[in-house]
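Here are some notes to read alongside the model, written for someone opening it for the first time. Keep the viewer open and go through the points in order.

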Amino acid sequence: MRENRFDTGLSSKLGTNSMNAMVYDTYGTSEVLRFEQVAIPVPRENEVLIEVHATSVNSWDWDLLRGKPFINRIGAIRQPRYRILGADVAGRVIAAGSSAKRFKPGDEVFGDLSGCGWGGFAEYVCARENVLTPKPAAINFVQAAAIPQAAVLALQGLRDTGGLKSGQTVLINGAGGGVGTFAIQYAKLHGAEVTGVDSSEKLDMLHELGADHVLDYTKEDFTARGQQYDLILDVVGNRSVLALKRALKNGGRYVMIGGPMSRILQNLLWAPFISWLEKKKIMLLIHKPNDGDQKVWKELIESGQVSPVIDRQYPFSEAAQALRDIGEGRLKGKAVVSLKMKM
């Protein structure tokens, strides 16, 4: 956990040595969250201090809040590792550590803090320079905050692990969430024929994003239709690996991004046998946040080729509700908490 430390020079510049943050000290649902005044962190040598303008909500935040699956409690059995959630942030640099050279005060940035301490649900947060990307001038802070984790997962799942190629048939399971809405746009941009799977209220949106075919998972099991795909990107993990392999073509790839731990373990167990017997690859994506992949999305968004899908923008006072909504699967695309929105 980051030490709450501050220096007199920084507090003098900001006019205060404390900030408002949404914190939690025990695992649970949104009811364990509360607002508290905490010390403004001071950047280490390779870090910058960011005034947070917006932070988006991810399913990983919800998992950490609940401490589920149990892997999220490794090294933090009794109490959470991070008191302040929030990985995706967009804001303005306020101060820089002595070794930080990429950014200076006043620069507008966005990035994924999941590898360097989280902390986005606060007025200020520190981050390593190498996880930050200059904010595109063409978009606002709310749009920028929607990008980092979901967009990079979509990119790494399709391009890197999935080996996406033009002309392939691609199915995205859980296509109506943050990762899925980015994935549809990226797959279509690269010449794929895309099928999106989600609930009925999200299907029109999937068509609008470019999906060629849509399926309501409550009415139809995509693994039992007799249709096979070159690549399946799975955000929810609600089908067994033995069913999934039926929906893959020979040489096809299944990439799991999210889902219950039982499904993840099952996939890891069966993957070598399915690959050997049927020449179908079953893979689990290991998220690697980085500035390079964020730059890919920055360029795509600046050129107008893709855009973040934001279902709802919440004021900071309703950040707990944003977490509750994503936990209940209500959202189309992303939910973003704006710290600058008028209450």
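Before the points, one term: a residue is called buried under 20% relative accessible area, exposed over 50%, and partly exposed in between, using a 1.4 Å probe and protein chains only. The model is predicted, so local features need pLDDT of at least 70 and side-chain atom pairs count only at pLDDT 80 or more, while totals for chains, interfaces and linings use all residues. Residues are numbered from 1 along each chain as its sequence is written, and side-chain values use heavy atoms, with hydrogens and water left out.

1. Let's start with threonine 29. By that scale it is partly exposed, at a relative accessible area of 35%. You'll find threonine 29 in the loop between S1 and strand S2 (34–39); helices (H or I, at least four residues) and strands (E, at least two) are DSSP runs, numbered from the N terminus.

2. What does threonine 29 touch, not counting residues up to four places away in sequence? Trp62 and Leu65, where contact means heavy atoms within 4.5 Å. Its C-alpha atom is separated by 9.4 Å from that of aspartate 63, and the two residues are 34 apart along the chain. A polar contact of 2.3 Å also joins the side chains of threonine 29 and glutamate 31. Such a contact is a pair of N or O atoms within 3.5 Å; within protein, one must be able to donate a hydrogen and the other to accept it, and residues adjacent in sequence count only if both atoms are side-chain atoms.

3. Next, have a look at lysine 279 and lysine 280. Lysine 279 is in the loop between H8 and S13, and lysine 280 sits in that loop too, between helix H8 (261–278) and strand S13 (281–284). Lysine 279 is exposed, with a relative accessible area of 56%, whereas lysine 280 is buried, at 5%. Lysine 279 has a positive phi of about 60 degrees, although it is not a glycine.

4. Which backbone oxygens lie by the side chain of lysine 280? A polar atom of that side chain is 2.8 Å from the backbone oxygen of lysine 245, and one is 3.0 Å from the backbone oxygen of leucine 248. Leaving out residues up to four places away in sequence, lysine 280 also has Gln228, Asn250 and Ile274 among the residues it touches.

5. Tryptophan 118 is another non-glycine with a positive phi, about 55 degrees. It belongs to the loop between strand S5 (108–112) and strand S6 (124–128), and it is buried, with a relative accessible area of 3%.

6. Now for a helix pair. Helix H4 (residues 148–161) and helix H5 (residues 178–189) pack at an angle of about 50 degrees, with their axes 8 Å apart. Axes are lines fitted to C-alpha atoms, for helices over the stretch in contact, and angles run from 0 to 180 degrees between N-to-C directions. Residues of H4 including Leu153, Leu155 and Leu158 meet residues of H5 including Val179, Phe182 and Tyr186.

7. Just after H10, glycine 329 takes a positive phi of about 70 degrees.
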